[in-house]
Amino acid sequence: MNSSATIRLHIGNAIPPGNENATNDIIALWQEMAGYFTQRHFVSRHDTDIRSEARPYQITLNISQLLQTLKDAVSESGSFALHRQAHVDNADITLGGDLTVTITSKNRELAEEESYQVATAFIQQLIMAANIACPGSMQILDARFVGEGAHRYEAQHYDAKTFHGAHKAAVENNWPKLEKPSFEKVWDWLESCEVSQTYTAIKNINKVLFTLLKVAEQRHDYSARTVLLIMYQIEMLLDCRQSNSLDLIRDRTRLILGDIPEAADCLRELYEVRYQLFMGAHPVHPPPLICHTTESALREQLAQHNSAVESGTALVLKLLQDLIAHNAYGYSFTQSFTRN
């Protein structure tokens, strides 16, 4: 006997930033996602006990209401950026909607908390997949679960802003060249990483992917904490966690992606900020008020590392896209020498 549960998530702010070109790319990705999840096999962690084995489920995703919101934004305003700006002056303009995740378990009754655990693992993987396939394409802000028993669970929030900034930096610097892998290819690769099944990341690639979610949790404040997350991902991807490794990181980046243009070389700033933080020499700010003027105000504030964070995130996304393209999960670097 099958058991099913439907989890409804209301997202008050689902429209990511984006000019006309980015808007079209994002809608194309959402259309791809809309038809992808119908009774799709999904193996997931299901509780907080790390000793528990992951279980198989069937997942059906309905994002039709949110997709219609995205399409309406284009028809009403021309782009997501213009629609978000229009919302500043008109609270009646819609930025969100509902998505529903239906979870089916075979031959076993689904407990309420289990269904929310599985839905959360699925939504986390959805955030990863969407923002790797099309950086800045999915955000979940001002969100809450809706329905009977939903008050017992708190929805997680993820911003698209850092990924959007990464894509913009990559275009402006003409490096790295971010690709447009299909959503299906990215999702299949994430499945092969077993990221949804993992309670504690042991493999380097899953450490990077979980940290990608931590980056998505950051809002407008590009502080030293965000720099730590970006630097950690780069070092894990390039298998370079030893101290004083800046030159090695740069060399390995060049081996994979070619020469780094000066405008895109964020590595020294990331490295120096981390050092200053550990030495206690870095300024610390309280969390800012988040509103429509926050971004421009923070860009002028001391100890904001916008270009470094955005270029560093672009590098992380490019390395992940490269691994996906080659169906790989990490890089191996060999050393050789000759006698003269």
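A residue is called buried here when its relative accessible area is under 20%, exposed when it is over 50% and partly exposed in between, with a 1.4 Å probe and the protein chains only. By that rule Tyr36 is buried, because its relative accessible area is 10%, and Phe37 counts as buried at 1% relative accessibility. The structure is a predicted model, in which local features need a pLDDT of at least 70 and side-chain atom pairs count only at pLDDT 80 or more, while totals for chains, interfaces and linings use all residues. Residues are numbered from 1 along each chain as its sequence is written, and side-chain values use heavy atoms, with hydrogens and water left out.

Rings of Phe, Tyr and Trp (for Trp, its six-membered ring) pair if their centres lie within 6.5 Å, and planes under 30 degrees apart count as stacked, over 60 as edge-to-face and the rest as tilted. The structure holds 13 aromatic pairs. Together with Phe183 and Trp187, the residues Tyr36, Phe37, Phe42 and Phe122 form one aromatic cluster.

The next topic is empty space. Rolling a probe the size of a water molecule over the atoms shows where such space is left. On a 1 Å grid over the protein atoms alone, a cavity is a set of points where a 1.4 Å probe fits but cannot get out, whereas a pocket is an open set with protein on both sides within 12 Å along at least five of seven lines, and lining residues have an atom within 4 Å of a point. Grid points are joined across faces, edges and corners, and a volume is the space filled by probe spheres set on the points.

The structure holds one cavity of 30 Å³ or more, and the largest cavity has a volume of about 60 Å³. Leu9, Thr120, Ile123, Ile140, Phe145, Ala155, Gln156 and Tyr158 line the largest cavity. By class, six of these lining residues are nonpolar, two are polar and none is charged, where Ala, Val, Leu, Ile, Met, Phe, Trp, Tyr, Cys and Pro count as nonpolar, Asp, Glu, Lys and Arg as charged, and the others, Gly among them, as polar.

The second largest pocket has a volume of about 410 Å³. Of the 25 residues that line the second largest pocket, Asp25, His167, Leu178, Glu179 and Lys180 are the closest to its centre. Helix H1 (20–34) and helix H5 (161–173) are the elements that give two or more residues to this lining, and H1 provides the largest share, six residues. The lining of the second largest pocket divides into 15 nonpolar, five polar and five charged residues.

What of the cysteines? A disulfide is a pair of cysteine sulfur atoms within 2.5 Å, and by this rule the count comes to zero disulfides. Cys240 is in no disulfide, and the nearest cysteine sulfur, that of Cys266, is 14 Å away. Cys240 counts as buried because its relative accessibility is 0%, and Cys266 is buried with a relative accessible area of 6%. Cys193, which lies in helix H6 (residues 183–193), counts as buried at 1% relative accessibility.

Val215 is found in helix H7 (residues 204–217); Val215 and Asp159 are 56 residues apart in sequence and 8.5 Å apart in space, C-alpha to C-alpha. Thr338, in the segment after helix H12 (306–325), counts as exposed because its relative accessibility is 66%. Thr338 and Asn21 are 317 residues apart in sequence and 51 Å apart in space, again C-alpha to C-alpha.

Technical notes. Helix = DSSP H or I, 4+ residues; strand = E, 2+ residues; numbered from the N terminus.
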